[in-house]
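Please look at the model below with its sequence beside you. The briefing that follows goes through it topic by topic.

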Amino acid sequence: MAQSKDEVLAGLAALVNDETGVPVESVVFGKSFADDLDIDSISMMTIVVNAEEQFDVKIPDDKVSELKTVDDAVNYIVSAQS
Amino acid sequence: MTTIVVTGIGATSCLGGNARDTWEALLRRESGIRLLTEEWVETHELPVKFAGRVKVPASEVLERIEIKRLDPSAQLAVIAAREAWADAGAPTDPKERVLVDFATGIGGLNTLLDAWDVLKEKGPRRVLPMTIPMLMPNAAAAAISMDLQTRGGARTCVSACASGTESISNAVDHLRAGIADVVICGGTESVIHPLPIAAFAAMHALSTRNDDPARASRPYDKDRDGFVLGEGAAVLILETKEHAEARGAKIYAEIAGGSVSSDAHHITAPDPEGNGAARAVLDALTDAGVTPADVNYINAHATSTPVGDIAEYTALHKVFGDRIKEIPVSATKSATGHLLGGTGALEAMFTVLSVHEKIAAPTLNLDNQDEAIPLDVVIEPRPLPDSIVAISNSFGFGGHNAVIVVKSI
């Protein structure tokens with residue numbers, strides 16, 4: 001089922017918080033996972049695994065490295081859902 | 001010879017969430033063994049429905065992220081290590097001179113089996129990337145090293161139920177060799193899960209006294225019918241006496257020596273003659289520069305299995321002769337259950353506290369002592385003399401025997 005960008009952002013922020021402890025309010029558009037939120041690669045991989053399940057999408061391994069910002073991830077998930 | 005001393009202790013167990021609470025509950029003769037409330041006990045129709053869960057869950061102590069990133073066995077190790085480090089006054093030595101030598105019997109079993117469940121139910125893409133670093137047996141040593149930022153090496157000691165004691169014996173060697181100024185040693189285990197319960201039960205190693213869990217662990221009793229699975233971790237901070245005195249640290253006791261031997265007899269059964277265990281005791285005493293005649297307190301391995309308790313008695317009789325009847329012996333697994341790779345560390349801590357406070361720990365559930373084991377078992381806490389030479393024994397599957405000698409300062 002397709003979700004709005006804001007709905008995906010809220011769900012993604014919860015996943016990021018659950019995995020890394022980064023506050024949900026910090027996970028906003030314009031932020032980089034690595035540079036702004038200090039999320040390491042193994043945490044990012046975990047977030048991707050959990051996001052695939054939560055949003056019922058498939059994020060291929062070669063796509064993961066392209067998801068550098070919150071915008072990248074939300075946009076990818078929204079387009080994959082539709 | 002270099003004198004090695006204990007300057008910090010930490011623990012979390014089924015008796016309490018720290019060393020002091022654990023020790024005081026033991027002295028009050030409390031049992032930490034309770035019925036398990038998890039649904040899987042009935043789902044799998046397990047023949048054993050009880051164990052010694054930690055009294056204070058790790059989730060009440062650690063941050064949520066730490067819980068997610070560490071297997072339960074490493075969580076308990078970090079809790080005990082933080083306590084021990086603080087208790088030792090947080091030594092300010094260069095972190096390159098602080099070494100971790102830490103034990104586990106099995107490692108991250110819960111992580112491994114949970115990940116296997118995910119793989120079967122949801123497929124490989126759902127297996128989390130942290131699975132391997134959480135399940136590897138060195139995870140607890142690594143977690144302690146990372147948490148306390150120590151860089152003098154993080155070694156892992158694995159010898160089944162002898163692991164915890166072997167880790168402490170190793171720590172003594174490291175300090176004598178001068179490769180570290182402070183060693184964080186001990187052990188952890190957290191494998192209360194249907195698979196190990198089923199597997200230990202399959203070998204008839206576990207007590208099945210489901211109607212009375214608190215009385216199930218009964219070393220030396222005629223009606224003992226197996227060990228009781230416990231979980232927890234204990235940590236000791238060791239350093240040379242000279243180093244401890246130079247920094248004004250409090251000293252609990254001396255770890256005067258240690259030794260390990262191997263039976264080469266059978267993968268699970270102890271040598272009925274007790275030769276390997278006796279050799280470990282004798283070698284540890286020699287290492288400590290004392291003789292059997294000096295020993296006046298014993299914390300026994302005493303798991304409450306029919307054959308294990310007799311085999312240990314046979315070994316002790318070999319070493320001490322008929323004088324063994326006059327040496328007070330504590331079997332503290334009667335209260336804590338058997339922590340496998342963590343057990344030697346917890347019992348070492350009890351022995352250190354016994355020596356420090358000059359009090360022998362009690363043994364629970366000895367209603368009818370096995371006539372074949374005529375030991376002076378400490379039932380109620382009992383005063384010890386001012387000058388104490390104690391041993392703590394641990395034996396493990398694989399024929400591992402480990403013994404340390406704890407002396408009063």
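In chain B, 80% of the contacts with a separation of 6 or more are between residues 24 or more positions apart, where two residues are in contact if their C-beta atoms, placed from the backbone, lie within 7 Å. This is a predicted model, in which local features need pLDDT of at least 70 and side-chain atom pairs count only at pLDDT 80 or more, while totals for chains, interfaces and linings use all residues. Residues are numbered from 1 along each chain as its sequence is written, and chains are lettered from A and ligands numbered from 1 in the order in which they are written.

**Chain B as a whole**

- The secondary structure of chain B consists of 14 helices and 15 strands, where helices (H or I, at least four residues) and strands (E, at least two) are DSSP runs, numbered from the N terminus.
- Chain B is as compact as a globular protein of its length, because its radius of gyration of 20 Å is close to the 22 Å that the globule rule gives for 409 residues; the radius is taken over C-alpha atoms, and the rule is 2.2 Å times the number of residues to the power 0.38.
- Taken along its principal axes, the C-alpha trace of chain B spans about 60 × 50 × 40 Å.
- Of the 409 residues in chain B, 58% are buried; a residue is buried if 20 or more other C-beta atoms lie within 10 Å of its own, exposed if 12 or fewer, and partly exposed in between, with C-beta atoms placed from the backbone.

**Chain A as a whole**

- Chain A has four helices and zero strands, and from the N terminus on its elements follow the order α-α-α-α.
- A compact globule of 82 residues would have a radius of gyration near 12 Å, and the 11 Å of chain A agrees with this.
- The C-alpha atoms of chain A fill a box of roughly 30 × 25 × 20 Å along the principal axes.
- Buried residues account for 29% of the 82 residues in chain A, and 56% of the contacts in chain A with a separation of 6 or more join residues 24 or more positions apart.

**Where the chains meet**

- Eight residues from chain B and nine residues from chain A take part in the contact.
- On the side of chain B that touches chain A there are four nonpolar, no polar and four charged residues; here Ala, Val, Leu, Ile, Met, Phe, Trp, Tyr, Cys and Pro count as nonpolar, Asp, Glu, Lys and Arg as charged, and the others, Gly among them, as polar.

**Nonpolar cores**

- The largest nonpolar core has 127 residues, and those that touch the most other members are Ala77(B), Ile184(B), Leu236(B), Leu238(B), Met349(B) and Val352(B); such a core is a set of buried Ala, Val, Leu, Ile, Met, Phe, Trp, Tyr and Cys residues joined through C-beta atoms within 7 Å.
- Helix α4 (residues 72-87) of chain B gives the most to this core, with nine residues.
- At least three residues of this core come from each of domain 1 (4-246) and domain 2 (257-407) of chain B, with domain bounds that come from an automatic or database domain assignment.
- Residues up to four places away in sequence aside, Ala77(B) touches Phe102(B), Ala140(B), Ala143(B), Ile144(B), Thr188(B) and Ala233(B).
- A second, separate core of 19 residues includes Leu9(A), Phe55(A), Ile59(A) and Ala73(A).

**Two buried residues**

- Leu15(A) is part of helix α1 (residues 5-20) of chain A, and it counts as buried because it has 21 C-beta neighbours inside 10 Å.
- Leaving aside neighbours within four places in sequence, Leu15(A) is in contact with Ile47(A), Asn50(A), Ala51(A) and Gln54(A).
- Ala180(B) lies in the loop between α8 (163-177) and β6 (182-189) of chain B, and it is buried, with 23 other C-beta atoms within 10 Å.
- Among the residues that Ala180(B) touches, not counting those up to four places away in sequence, are Arg97(B), Gly152(B) and His174(B).

**Two residues with positive phi**

- Asp56(A), although not a glycine, has a positive phi of about 55°; it lies in the loop between α2 (41-55) and α3 (61-64) of chain A and counts as exposed, with 12 C-beta neighbours inside 10 Å.
- Lys358(B), also not a glycine, has a positive phi of about 55°; it is found in the loop between α14 (343-357) and β11 (359-360) of chain B and counts as partly exposed, with 16 C-beta neighbours inside 10 Å.
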